[in-house]
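Work through the exercises below with the model open beside you. Try each task before you read its solution.

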Amino acid sequence: PTFLARTAQVVSASLFALSPDGKRVAHEDATVLTVHGLEDGQRLWAQKRHDVPQPTRALAWSSDGARLAMIQGPRLSIWDAGAGKEIRTFPVGAGPASLAVFTPDLAYAAISSATRSEDPERLVVWNLETGAVAHELFTGCAYLSGMTLSSDGKHLFVYGPRGFALLARP
């Protein structure tokens, strides 16, 4: 690989997302969502996140690089990635998300969560334009081990201790 850029800034972050064009990186720490330019290493913007004690579970760019989506605790936020302004925020469940994936266009998010450890894992597909539930199912197991989305956003693969499933987006 070719070394492209480096920043002298120290970054203490637990979650990163690279923009589709590879020119920006978004990262979060305990209190701030930040976007850095990778060509010069400069901080483009930083915004204090909501005061939610749970960690951020997912951070993703839209396929055109115009928006960022972030799930923090039981809350989902959509950001204007250029201006650093929050566009919308809505609750996505009673408990914190355990796993989450976004469609490339940020039209939908699939989020799994259990409100209590003994509850079955709930998988909800959210419409990110309306904030409404598009689909919901209970997995029948205490937790999901993981999930991934196809690059076109049409197929969701989930797996857990009881097996796996391939779901299709309508």
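**Exercise 1. A bridge partner**

What is the bridge partner of Thr34 in β4?

Solution. The model is a predicted one. Start with the strand pair: β3 (residues 32-37) and β4 run antiparallel, joined by five bridges. Then read across from Thr34: its bridge partner in β4 is Ala46.

Four strands form an open sheet in the order β1-β2-β3-β4, with antiparallel pairing. Its edges are β1 (15-18) and β4 (43-48), each of which pairs on one side only. On average, neighbouring strands here are turned by 15° against each other, direction ignored.

**Exercise 2. The chain as a whole**

State how many helices and strands the protein chain has, then describe its burial, contacts and surface.

Solution. Count the elements: zero helices and 15 strands. Turn to burial: 41% of the 170 residues count as buried. Now take contacts between residues at least 6 apart in sequence: 32% of them join residues at least 24 apart. Last, the surface: the accessible area of the chain is about 9400 Å², and carbon and sulfur atoms account for 54% of that.

**Exercise 3. Aromatic pairs**

Find how many aromatic pairs there are, and classify the pair of Phe90 and Trp126.

Solution. Ring centres must lie within 6.5 Å to pair. By this rule there are three aromatic pairs. Phe90 and Trp126 make one of them, with 6.1 Å centre to centre and 45° between the planes. Planes under 30 degrees apart would be stacked and over 60 edge-to-face, so this pair is tilted.

Locate the partners: Phe90 sits in strand β8 (residues 85-91) and Trp126 in strand β11 (residues 122-127). They are 36 residues apart, so the pair links distant parts of the chain.

Why do both count as buried? The cut-off is under 20% relative accessible area. Phe90 is buried because its value is 9%. Trp126 is buried because its value is 7%.

Now compute the class of a second pair, Phe157 and Tyr159. The ring centres are 5.8 Å apart and the planes stand at 40°, so this pair is tilted. Phe157 is partly exposed, at 28% relative accessibility. Tyr159 is partly exposed, at 36%.

**Exercise 4. Nonpolar cores**

Which residues of the largest nonpolar core touch the most other members?

Solution. This core has 17 residues. Those touching the most other members are Ile71, Leu76, Phe102, Ile111, Trp126 and Leu128. Two or more residues each come from β5 (56-61), β6 (67-72), β7 (75-80), β9 (99-102), β10 (108-113) and β11. A second, separate core has 12 residues, including Ala26, Val35, Trp61 and Ala81. As background, nonpolar side chains tend to be buried together in soluble globular proteins.

Zoom in on Leu128, setting aside neighbours within four places in sequence. Its contacts include Leu76, Ile78, Phe90 and Phe102. Arg88 and Tyr108 are also among them.

**Exercise 5. A serine in a strand**

Is Ser112 buried or exposed, and what does Ser112 touch?

Solution. First the position: Ser112 lies in strand β10. Then the accessibility: Ser112 has a relative accessible area of 0%, so it is buried. Finally the contacts, not counting residues up to four places away in sequence: Ser112 touches Ala97, Ser98, Leu99, Glu121, Arg122, Leu123, Leu144 and Met147.

Methods
Residues are numbered from 1 along each chain as its sequence is written. This is a predicted model: local features need pLDDT of at least 70, side-chain atom pairs count only at pLDDT 80 or more; totals for chains, interfaces and linings use all residues. Side-chain values use heavy atoms; hydrogens and water are left out. Rings of Phe, Tyr and Trp (its six-membered ring) pair if their centres lie within 6.5 Å; planes under 30 degrees apart count as stacked, over 60 as edge-to-face and the rest as tilted. Buried means under 20% relative accessible area, exposed over 50%, partly exposed in between (1.4 Å probe, protein chains only). Contact means heavy atoms within 4.5 Å. Accessible areas come from the Shrake-Rupley method with a 1.4 Å probe; for residues, only the protein chains shown count as cover. A nonpolar core is a set of buried Ala, Val, Leu, Ile, Met, Phe, Trp, Tyr and Cys residues joined through side-chain atoms within 4.5 Å. Two strands pair if DSSP finds at least two bridges between them. Axes are lines fitted to C-alpha atoms, for helices over the stretch in contact, and angles run from 0 to 180 degrees between N-to-C directions.
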